[in-house]
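Reader: I have a model open and would like to learn how to read its features one at a time. Could you walk me through it?

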Amino acid sequence: MLSLIRGRVKMLAIAALVVLLIIIPLQGNAYYTSVLIIIGIHAIVTVGLCLLMGYTGQVSLGQAAFYGLGAYIAAVLSKTYHLNPWLAMAVAIIATAAFAFAIGFPIFRLRGNYLAMATLGLGIIIWILFRELDWITGGQPGFLDIPTLSIGGFAFDSDLSFYYLVWGFCIAVMFISQNIVNSRIGRAMRAIRDSESASQSLGINTIMVKAKILALSAAYAALAGSLYAYYVGFIDPPPFGFLFSIRLVAMAVVGGLASIWGAIFGAATVRLLTEFLHPFGDIDTVLFGLLLMVIIILSPQGVTRGLGDIWRRLSRRLSPS
Amino acid sequence: MKKVVFIALALILVIGIMPFTACGGAEEEYKIGAVLGITGFNSALGEPEKQTLEMLEEAINDAGGINGKNVKIIIYDTETDSTTCFTATKRLIEQDNVLAIIGASSSGVTMAILDTVTDAEVPLVSLAASDQIIKPVEERYWIFKTPQTNSMVVARVYDYLSDQGISEVALITASDGFGALGLEELKDVASTWGMTIVADESFDPDDTDMTTQLAVIKGKNPEAVICWGTNKGSAVIADNMKDLAMEMPLVMSHGIANRDFIDLAGEAANGVIFPAGKLLVTEQLPDDDPQKDVLLAYKADFEYLYGEGNVDTFGGHAWDAFTLITDAIQSLVDEGKEVDRAGIRDKLESAELVGISGIFNMSSTDHLGLTPDCLVLVEIVDGEWTLAEE
Amino acid sequence: MATWQLVQYVVTGITVGSIYAIVGLGFTIIYSVTGIINFAQGEFVMLGGMTAFSLIGLGLPIPVALMLAVVLVTLVGVVFNLTAIRPAGRASSITLIIITIGGALFIRAVAGLYWGRDAVALPPFSSGASLSFLGAYIRPQSLWVIGITLVLMVVVYLLLNRTLVGKALKAAAINRRAAALVGIDARMMSLVSFALAAATGAIGGIVIAPISYASYDMGVMLGLKGFVAAAMGGLTGVWGVFLGGLGLGLAESLAAGYISSSYKDAIALIFLFAVLLIRSRRLVAGEEAAA
Amino acid sequence: MADILQMKGLTKTFGGVIAVNELDLEIQEGELTAIIGPNGAGKTTLFNLIAGVFPPTSGQIIFHGQDLAGTNDYQRARMGIARTFQDVRLFGNMSVLDNVMVGLHSRSKYGILSAAFRLPQGHREEDNIRLTAINTLNLVGLGRRADINASELTFGQQKLVSIARALATKPRIIMLDEPAAGSNVLETQEISDLAKRILEMEITVILVEHDMRFVMGTAERIVVLDGGEKIADGTPSQVQNDRRVIVAYLGEQEDEI
């Protein structure tokens, strides 16, 4: 009974969020809309990282590379090879996920610190390829004039239309992730996080589960990357480098590593800090550094959980019993 | 469960923080936006650009502004990141409602906003080198730029080398966007000057040592080495060439046209030759040089504010961009026309200016308007910039 | 292929490798005692170079400035340990990785705000032209780098293996609870390891600043390379990281010389990958023992 | 009765140390066997070898007539070999029920897609998983604690959950590593009863235990290991009077003093 009410509250909150997301861009400022688009795109990557790091306990310091793979594959296929942008996007997602799945088997023989090392190295290697394979990717100067998405005669070429597209995908990704977390696979993920040897002893092929989740997170990243490429119309290597991988970790941590909907909050906080504080110098980076340390030490579940704890404590104190 | 509620609340809060713009109504000031790479890889470019713009803003307003209205410069840092530059540009256009935009500092980041300014119909004056930014000119209707193009710079380098009777060169270029664009141009037009590229090496500006690449080059015995990069990496190259006792001429790019390069490379900087705007050798120019007065004035103003010997050509590009735009506003005012984005664009397209980077003659087919003679060759002698003998 | 070129590649590889080894040494010291990969290690190196530059700028005699710089950075290491590592207690490796990444971001950004973004150069330790042998050249500062690296390795080795502090550090690394029983405070040992790593990092920054200059963001790349060197060396022994550093330096230099300078970093990282995967079984066993 | 498990010449060395030495042992189906021996006798190593945590240095393990060589731990779990751990290893951040439901992972099969889009197959299987897990939890007497966090249980209760979790994999044989360690007299008796109930479910039980009273009162057959070798094998009363066993234990006590 209690859980039923809780479920209602949750559905209401999600509904409120969705309504809010629908209303926000109607204020007509395309700048806010564009920032929210970027937030939505980053949130999609962050959810994948949450599934991998928060739920399965496997660190990835190279997630930006999957984001970049999605962007580059979609861009190159749709521009150079004139593939339909939707098809190019689908190929980008599938190819990136397949690559991640394949690389998962050798890489997940490693754990903890060594896994961090390997994913970091992998991310940089792929980044160097973006930079050096210039006859395909345009190299450092970048890849220009990427076509945009359209359905029938309707092109997603305005900020407003692209906003709804991105957030449509984002909400769908959130629901899918929530469902997976609450399923048999989600249980296996959490079991692996808590004890890998015990999971193996219960018949879970842990490397397979980890590789699947890596592939899923890579698919999310590739979806986000291709959306980014279609939105901006231009890509170059810097946004897909090591520092962005770190920034993604920051988004996941701020939102709560094991929190699906928190990813939106994390992506929003990190992006908005950059938007509003960067004009005053590198203060945003100082704050990221502090945030990462403080949040992970004080409230490993992230800011949203931390607030929830405070709320619960307050309401307990206020209630007469 | 509460989490979701909190996220919703947090988002509402966040949106609340975003100050809603006051749209409509006559603007009290002429607003010009700038997106500069103040942090990140291109900080050596963005910082003097920012300083120059702030200096000019103050100067023009102290002198009464334009038509009694102040000029306001709004600067955002791109972090040399195309995503950040993209949203910053949106912000300038949609929220700050600027008349024109200056930037970005480098080519890659500028590329990311070409579509945005074109769709929004806002004139952009870029401070980046690449030709691609303003070509093809039909598609780049709203885009202008002030720095000399790579092709001019490369032409100047090859001109010089072939005058010296040199035809076998080795290239060593940075792996960043600046180096990559230079490399592309250097390779593309080498044959026009009859140049043979005997070695083509690259370096990461963050590398600690480049003697390996230089040893490869040394083994190929080129008559000259061309290095394309910015301060730090280029200084290591100059230093390492001395270490390896490589005596052939070392020609560099305009990426080292600032004091820091000499400070870093020290002794090793001597003998390095590079093409640059005339600003670095202002005092040595003949008195009849039409740019000399402008250059002297900018140099004096800048160094008064930011220290002796600190002026560099990157700030000069910003000076040109600012002056082009404010001149355009002034002439719209003079003609009694409305000052708007389209008006400024039209004026930019017919602008004539004796500037820092050269003498601009813009036209509907040339959104730069410079000729190659705006570049001179500079040699570093005893730690000082010297106009090279040709 | 000329012989002198090969010799030059090797000389360069050893110089660069020594730099990586110094940076990697800090990773190794902290990891072997606490099991933490300290992503802020590169920032200690940066702080060493930048602080030394500032102190020399204040007019202090160079040797005094250099030593003071090492002391100050050591203090930063201590403060970092007390404020960020100690409060986390015995957290998972993910948590600790994130904490040190946060620390690295913080230190780097503050350094950028304080020192600005330009690179600065320290004077070389001794002047003079480079020495020539077999047609290759080596500059005096490279000899300094190699020499100081070797001395540092020996000193740290002796410190860890021949002194009481070293034995305590090792004991804490092997078994915290047992160490605590004989009166060794693991938290104290963690503190000592951070201080030691910060000091070696600072020395590294000072030694390389005359060659490749110092700037607020140098820690990113150097940190990565040092990390790879330490990883190749197995992250436990002093000599492992020395060999790891040399291996990485030589791999990079030879790759740049004989294959392609554009891909040298990628080649070095693929090398790391191979080492990690080949040794994965042993590494995993080690991680489990540490956990 | 048929042998469910046969070990032939089983040897495991770590570096130079021999943990299990040329061990020949048969476990009969439906029997409750206890393996005892002093510390370092190779008991846990034997469990790890049977469970497939690591491969033997030499020798064979045959399960239901099938050579287990080349299979690893999760595959053996799926074949019907379950185990618990000395240090329990519950999933501390999950509920008690979830812990047991994880045990049913390999006995269900709906995949990531069914989960993502809530396809009906997933729903059906999930209902079954939940029901079976609750039943299994009731079997160990912890049905009422299903919803609390596993780390909030007492050590004894955690041991019970870990047994339930292993039982949920529907094993043919279950290996209990020191199930009574750290439990009081009452709990020890419960575990003894539980072991017998498991036997009634036609699951073969092997257990390692130091608590002699528990072993003598529970096991039908006792195997004594020392230094990786089998030194005695028989009914409790046979083993109790075996000279070599007495020497092994007394010898060990002398070492300790």
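Reader: Where is B:His317 placed, and which residues does B:His317 touch?

Author: B:His317 sits in helix α11 of chain B. Leaving aside residues up to four places away in sequence, B:His317 touches B:Leu127, B:Thr146, B:Pro147, B:Gln148 and B:Ser357.

Reader: How do I read the packing of α11(B) and α12(B), and at what angle do they pack?

Author: Look at the angle and the axis separation together. Helix α11 (residues 313–334) of chain B packs against helix α12 (residues 341–349) of chain B at about 110 degrees, and their axes are 9 Å apart. Angles of 65 to 115 degrees count as roughly perpendicular, and α11(B) and α12(B) are therefore roughly perpendicular to each other. Their crossing is right-handed.

Reader: Which residues of α11(B) and α12(B) meet?

Author: From α11(B) come B:Leu324, B:Ile325, B:Ala328, B:Ile329, B:Ser331 and B:Leu332, which meet B:Gly343, B:Ile344, B:Lys347 and B:Leu348 of α12(B). By class, the residues of this contact are 7 nonpolar, 2 polar and 1 charged.

Reader: How many residues of α12(B) are buried, and what covers them?

Author: In α12(B), 7 of the 9 residues are buried, so the helix is mostly covered. Among the buried ones are B:Arg341, B:Arg345 and B:Glu349. The cover includes α3 (82–95), α4 (107–120), β4 (124–126), β5 (143–145) and α11 of chain B.

Reader: What is the angle between α4 and α10 in chain A?

Author: Helix α4 (residues 85–107) of chain A and helix α10 (residues 206–232) of chain A cross at roughly 150 degrees, and their axes come within 7 Å. That makes α4(A) roughly antiparallel to α10(A). The contact of α4(A) with α10(A) has 21 nonpolar, 3 polar and 1 charged residues.

Reader: Which backbone details should I check?

Author: The bond from B:Gly103 to B:Ala104 is cis, with omega near -5 degrees, and B:Ala104 lies in the loop between β3 (100–103) and α4 of chain B. The bond from B:Lys135 to B:Pro136 is also cis, with omega near -5 degrees; B:Pro136 is in the loop between β4 and β5 of chain B. As for phi, C:Leu134 has a positive value near 55 degrees without being glycine. C:Leu134 is exposed, at 65% relative accessible area. D:His64, likewise not glycine, has phi near 50 degrees, and D:His64 is partly exposed at 37%.

Reader: Where in chain A is confidence lowest, and where is it highest?

Author: Confidence in chain A is lowest in helix α14 (residues 303–318), with a mean of 57, and highest in helix α3 (residues 63–79), at 97. Where pLDDT is low, the predicted coordinates should not be read in detail. The mean pLDDT of chain A is 88, while chain D averages 89. The model scores ipTM 0.90 and pTM 0.91.

Reader: How far apart are the closest C-alpha atoms of chain B and chain D?

Author: They lie 16 Å apart, and no contact joins chain B and chain D. Chain C and chain D do not touch either, with their nearest C-alpha atoms 11 Å apart.

Technical notes
Residues numbered from 1 in each chain as written. Chains lettered and ligands numbered in written order. Predicted model: local features only at pLDDT ≥ 70, side-chain atom pairs only at ≥ 80, totals over all residues. Heavy atoms only, no water. Axes fitted to C-alpha atoms, helices over the stretch in contact; angles between N-to-C directions. Helix = DSSP H or I, 4+ residues; strand = E, 2+ residues; numbered from the N terminus. Parallel < 35°, antiparallel > 145°, perpendicular 65-115°, else oblique. Left-handed = near helix turned anticlockwise from the far one by under 90°. Contact = heavy atoms within 4.5 Å. Nonpolar A, V, L, I, M, F, W, Y, C, P; charged D, E, K, R; others polar. pLDDT = per-residue confidence, 0-100. Buried < 20%, exposed > 50% of the residue type's maximum accessible area, 1.4 Å probe, protein only.
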